[in-house]
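Subject: Handing over a structure, with notes on what was found

Dear colleague,

I am passing on a structure that you have not worked with before, and below it I have set down what was found in it. Please read the notes with the structure open beside them.

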Amino acid sequence: MSEELLNLTLHVWRQDGPSQPGRFETHPATGISTHMSFLEMLDVVNEDLIEKGKSPIAFDYDCREGICGSCGMVVNGVAHGPQRLTTICQLHMRQFNDGDELWLEPWRASGFPVVKDLVVDRSAFDRIVQAGGYISIRTGSATEANEMPVAKAMADQAMDAAECIGCGACVAACPNASASLFTAAKISHLSLLPQGQAERLDRARNMVAQMDAEGFGGCTNHGECEAACPKGVSLRWIARMNREVVRSAVKSDSGVKTARR
Amino acid sequence: MQLRSNEPTGPIEHRWEKHKESSKLVAPANRRKYNIIVVGSGLAGGAAAASLGEMGYNVKCFCYQDSPRRAHSIAAQGGINAAKNYQNDGDSVFRLFYDTVKGGDFRSRESNVYRLAQLSTNIIDQAVAQGVPFAREYGGLLANRSFGGAQVSRTFYARGQTGQQLLLGAYQALSRQIEAGKVEMMARTEMLDLIVHDGRARGIVTRCLKTGKVEPHIADMVVLCTGGYGNVFYLSTNAKGCNCMAIWRAHRHGAAFANPCYTQIHPTCIPQSGEYQSKLTLMSESLRNDGRVWVPRNKEDVTKRPEDIPEKDRFYYLEERYPAFGNLVPRDVASRNALYVTNEGLGVGLEVDGERRGVYLDFSDAIKRLGEQTIRERYGNLFEMYERIAGDNPYKTPMRIYPATHYTMGGLWVDYNLQTTIPGLFAGGEANFSDHGANRLGASALMQGLADGYFVLPFTVGNYLGEVRTLPELAEDHPDVKKAVGSVEERIHKLMNAPDPKHAPEYFHRKLGRIIWSKCGMSRNKEGLEEALREIPKLRDRFWREVKVVGSGAELNQTLERAGRVADFLELGELMCIDALQREESCGGHFREEHEENGEALRDDEQFSYVSAWEWTGAAGEPRLNQEPLSFEYVKPSKRSYK
Amino acid sequence: MQRALTLHQTTIGKKLVMALSGLVIVGFVIGHFLGNLNLYRGQEALDAYAHFLQGLTPVLWGTRLLLLLAFGVHITAAFSLWSRNNKARGSRYKKHQDMATDYAARTMYWSGPILLLFVVYHLLHFTILPAHPGEVYRNVVEGFQNPWIAGVYIVGNIALGFHLFHGIFSATQTLGANHPRFNSYRRDAAVAISAAITLGNLSFPISVLAGFVTV
C-alpha cells in the first residue's frame, strides 16, 4: 500500500487523422503515484496539456475495469503493457520504476486504421460478428431454457471462449496482424453449444471469409495473441476454428456469403 | 402536466396480457414504413433495436462507444434474477414481484413490477437460446444462486461476467439485424439533442465523434436506453463515458424526470487512492459472506498496519450494531455505517483530501476456519483483482473497502408503455425510473434492461405507431429541425469558447462530484442539501466561464465530449438535491438524517407515497413538481428492520 | 470443385495446404534420413540401397512427382501468406518485444528460402550432376571430405531442424490438434522428431570430416 512517486518520460505516438503521417512526441509525466492506473497517469498528463493549451493525447477507454474492451495501446512493444492478463486500464503504475522511458503506440494493423493518436478503428471486429457470430433466434420464440441440457464441461468451455472482450490486443500482438484468436473464440463459443449447431457450418466459413476480407493476416502459430490476451483466451480455439472450417468445407453445400468491406 | 400511468386494471397477473390484447398493432407489411431511433446499445437498447429490426421496422441505433458491444451493461458481475423456481425452493412470479416491491421500499408501481417478474422467465429462455453460457450443474441444467440476501436461489449467472455475456447475446442479435440491413448502427455517435415537432419526439441531433459532424436524424419515434446518471458523483462504478446527456436533453424538452434522488450505493468497492482517481471498482458483495468488517477502535491506530492492531482494539461495528445480520446487513445499512465510522475519524487507508475513507474487510478468520484453498476457490478472482488495483495481498492483509455509487433508480418518468411525458419518446432500462422504486435488488438491473428491450418496448412501440398511424413528413430543413441543430452547434461553440478558459472539464466534474457525494450521497440532511443548492449554481457559472477545451469541434475531441456531459451533470445534480430536499422521509437509497429511528430509515407513507416527476420550466434549478400517487393493492407497505 | 476452391482461398485453407504438404515433406525427410543411415553400413550397403530405389521406377517417379507437388504448393502458399501477412501488419512498432513466440517460429521465412536453396544444391550435387554417377557412397564421402561442402550441409540441416520444429508443431495446430491434455506431448514430439533428424543428418558430414567414414 505504500505510495511512491515516479517521474517518467513518455514517447507518445501522435497522429492527427487516418491519412495523416504520425510521429512520436515526448512528454514528461512527473509525480506519478504508484497507485494510479496507467490511464489515470495519462489523464493527469492530459489535464496538464489542456491547461497549457496543448492538444491532449487521444486514447480509447470506458469501463476502466477491464471488461468493455475499449482501451488498448502498446507500451514498450507489449500490448496492454507489461502485466499479463491485465488490460491497460487495470494496469497500475507500481509495475513501473522511477525514470522509466515508455513508448506508447496504437494497435498497428491494416485492419485497424488509426483514428487519432492511440485511438484505432476496430469496426472490422463488428463486421466479423455480423457475418455470422450469432445464433438466429427470434425474440420471444425461445423454448423453455432447461429443455436442452448442456454438459457442464461443454458449457464451461463455451464460457472460456466467450470471455473475449474484443479489445484487439491479439491483432496488435500478432506478427501477422491476424484476427484469428478473436474470430476463433466466437466460432468456438457458439459451436460448442447445442443451440449453435444449426448454423455451425455456415458460421465458420462466413466469419473466416469476413476476417480475411478485412485485411487481417493469417495465423502462423506464434502464440503472441494468447500471451497478449488480457482474458487468457486460448490458442486451442484457433485449432478448433480450423477444424470447423474444414468441416464446413467438406459438409456444407451452401457457398460462402460475399464478404463486405 | 398530466401524469397518466396507463396501467391496465383488473387482477395483476392478467394485466400485461390484457394490455397486449388491447394494444394496437402494425401489420408486418407496414412496419418497414416506420423509422425508429434507438439511442444506446446496452441491454435495453441493444435488445430493443434487435427485436424491432427483426419485426421489420427500420431502426437506427446509436452509441457513443466504438462498438455496441461496449455498453456498460457489460460490467455487471453478479447475475440476473428470474422466477423460474428451478431450485424448487418456493420461488414464484409473485414472490419475485413481492421482493422487488418490498426491496424498493414501496416506491414503485405495482403493475410494472409484476410485469417485470413475469417477463423474467422469458429472458432466461431467450438468452439461453442465443447461446449465453450460463453456469450449469453437472446434470446439464442451469445453475442458480441466492443473491443479495434473497430467501430463494433465483439468480442465473455466467461466472462473474453475467452482464458481459447477456450483453454479447443482445449484441449478436443486433449484429444479425445489422447484417440483414434492418438496423443501421451508428457507433461513436453521440446524441446531443432531441427533435420535437408538433408535440412529438421526431428525431435527434447527433455529433459524429470521429469527424465532429453535427447532423439531424429524423424518425417516427425515439427510444432512449442511455443508462443511468451515476457519474454525477464523478467517482462511481459506472464507465467513464456514462452520462445523462440524452435523458437530460429530453427532460429539457418536456420529459418529466422522476425520483432523481434515488441513487444506490454499493458497499464493497475499492476505496479511492488519490485525487487523480478516475473511477471506482466494484467487488462482488458475496465477499461479505466470509469477510468481517472492522475499523480500529482508536483514532491513533488508523495509520498502523492492521496486523499490528490487537483484537480488542478492533471495532467490528456491523456485528456489534446488528447482531442478527452482522456483516450481511443490506447494502444501504452497510454503506451508511461505513460512512459514520469514517466520519468519526476511524477510517483507514490512504488519505485523500484530508480524509481516510476506507474500512477493513478481513478474511483472516475465514482463512483460519476454512483454509486458504477454500477462500481461493470462492473469491480467487476478486482477490486477484483487488491486488492488481490496490497492491495488497488480501490473503495476508485485510482488504480495504468503501461504498461507491453504483446505480440510479431515478430516471425519465414513463407510463406503463415506457413512454415519457413527450409522446413518441420512450425510455428503457436504467434511463427510466420504472421498476425499482427507491432501491434496486441485486441481480435485477440486467432483468429490467432485457425485459424492457426484448419484451416490453417491441409491443408498446407498435401500439404507439398503430395509434398515430401516419405522421406528417418532417424535412431536414424544417425550422424545428434547424433550430435543434442550431442550438447544438451554438452549445458546442460556447463550450469551446469560454470567456476565461482555465480548467479541463474534469476539474469541474470532480468538484461537482465532491459536493453531491458529501451532501447528497449515502446520508443527506436539510442543511447539507441547502448548501449544495447554493454551491452547484455557482460552480455551474464558473464552468461556463472557465471551462477549457483545446482543439476543434471538427475532429475526435474527447475534451469537448466530456465538457458537454459535465455541463448537463451540473444541471441534473441540482435537481437531485432539490428532490432529496423535498422528499422529507427516508426510503431505500434516499436516507434523510432527520427521518430515522435507531439508525433505520423512516418512511412516511402518509405524505410521500408518490413518484416525484419533475418538470423543466425553462431554467435549471426551477423545476415544477408533479406527483403520481402510488397505491399498493397486493403488497402492503411494511417497515424494514435489521436489528 | 467449388468447395475446395473456396477453402483454398481463405488464409486457413492456405495454412492447411502448408500443413499437409509440409507433413508429406516431413514424411519424406524421415524416410530419406533412415535410408541414409546405410552410409554407416559401408559402401556396398548404401550403393545397393540406391540401386534398389533406382529399380523401383514407378515408385521413384511417383514420389518425385508428389514431392514436387508438395514443394510447389508449400512454397506458393507460403509466399501468398507471407505477402498477405506483411500487408496486414502494415507499419511496424518502434519498440517490439516478443512474449510467446520462439526463434524457430520467427525465422520460418528465413529458414524456408535457405532450405529451398539447400535442396536445389543437394539435388544438383548428388542426383542431377553427381561426380561419379552410380557411386552414391563415393559421391557422399568424397563430397563431405571437402569442408566447404560439408559446411553447406551443416548449415542446411540446422535450418532444416528449426523449420521442422516449428513446422511440425504448427501443422498439428493448423490441422486442429490442440488439446490442453496433449499439448505438452505435441511440443515434445516436434522437438524429438526435428532433433533426431537434424542430429542424424548432421552426423553424416561430421563423421566424414572426422574421418570415421572413409572411401
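Which residues have the most contacts inside the largest nonpolar core? They are Ile80(B), Phe134(B), Leu224(B) and Leu465(B), in a core that has 216 residues. Helix H16 of chain B, which covers residues 558–582, gives the most to this core, with 13 residues. Please keep in mind throughout that this is a predicted model.

Next, the way the chains meet. Two pairs of chains are in contact, and of these, chains A and B share the most contacts. Chain B and chain C, by contrast, do not touch, and their nearest C-alpha atoms are 20 Å apart.

The contact of chain B with chain A takes 81 residues from chain B and 84 residues from chain A. The size of an interface is often given as the accessible area lost when the parts come together. Between chain B and chain A the buried area is about 6,800 Å², and carbon and sulfur atoms give 49% of it. Arg70(B), Tyr276(B) and Arg388(B) supply 11% of the area that chain B buries against chain A, which is more than any other three residues supply.

As for the bonds across this interface, the rule finds nine salt bridges between chain B and chain A. Lys116(A) forms a salt bridge with Glu555(B), and the closest N and O atoms of this pair are 3.3 Å apart. There are also 52 residue pairs in polar contact between chain B and chain A, counted where both residues are at pLDDT 80 or more. Several elements of chain B each supply at least two residues of the side that touches chain A, among them helix H3 (43–55), helix H5 (110–130), helix H11 (372–390) and H16. H6(B) gives the most to that side of chain B, with nine residues. By type, the residues on the side of chain B that touches chain A divide into 30 nonpolar, 26 polar and 25 charged.

One residue of chain B deserves a separate look. Gln130(B) lies in helix H5 of chain B, and Gln130(B) counts as buried because its relative accessibility is 4%, where buried means under 20%. Its side chain is joined to that of Tyr454(B) by a polar contact of 2.7 Å. Leaving aside neighbours within four places in sequence, Gln130(B) is in contact with Ile135(A), Ile137(A) and Leu190(A) in chain A, and with Gly169(B), Ala170(B), Gln172(B), Ala173(B) and Tyr454(B) in chain B.

At the other interface, 47 residues of chain A are in contact with 40 residues of chain C. The area buried between chain A and chain C is about 3,600 Å², of which 53% comes from carbon and sulfur atoms. How many salt bridges does the rule find across the interface of chain A and chain C? The rule finds one, and Asp212(A) forms a salt bridge with Arg84(C), with the closest N and O atoms 4.0 Å apart. Across the interface of chain A and chain C there are 29 residue pairs in polar contact, with both residues at pLDDT 80 or more. H8(A) gives the most to the side of chain A that touches chain C, with ten residues, and the residues of that side divide into 26 nonpolar, 13 polar and eight charged.

Finally, chain C itself. Chain C has nine helices and zero strands, and its C-alpha atoms fill a box of roughly 55 × 45 × 35 Å along the principal axes. Of the 215 residues in chain C, 40% are buried. Among contacts in chain C between residues at least 6 apart in sequence, 79% join residues at least 24 apart.

With best wishes

Technical notes
Residues are numbered from 1 along each chain as its sequence is written. Chains are lettered from A and ligands numbered from 1 in the order in which they are written. This is a predicted model: local features need pLDDT of at least 70, side-chain atom pairs count only at pLDDT 80 or more; totals for chains, interfaces and linings use all residues. Side-chain values use heavy atoms; hydrogens and water are left out. A nonpolar core is a set of buried Ala, Val, Leu, Ile, Met, Phe, Trp, Tyr and Cys residues joined through side-chain atoms within 4.5 Å. Buried means under 20% relative accessible area, exposed over 50%, partly exposed in between (1.4 Å probe, protein chains only). Helices (H or I, at least four residues) and strands (E, at least two) are DSSP runs, numbered from the N terminus. Contact means heavy atoms within 4.5 Å. Buried area is the accessible area (1.4 Å probe) that two parts lose on being put together, summed over both. A salt bridge is a side-chain nitrogen of Lys or Arg within 4 Å of a carboxyl oxygen of Asp or Glu. A polar contact is a pair of N or O atoms within 3.5 Å; within protein, one must be able to donate a hydrogen and the other to accept it, and residues adjacent in sequence count only if both atoms are side-chain atoms. Ala, Val, Leu, Ile, Met, Phe, Trp, Tyr, Cys and Pro count as nonpolar, Asp, Glu, Lys and Arg as charged, and the others, Gly among them, as polar.
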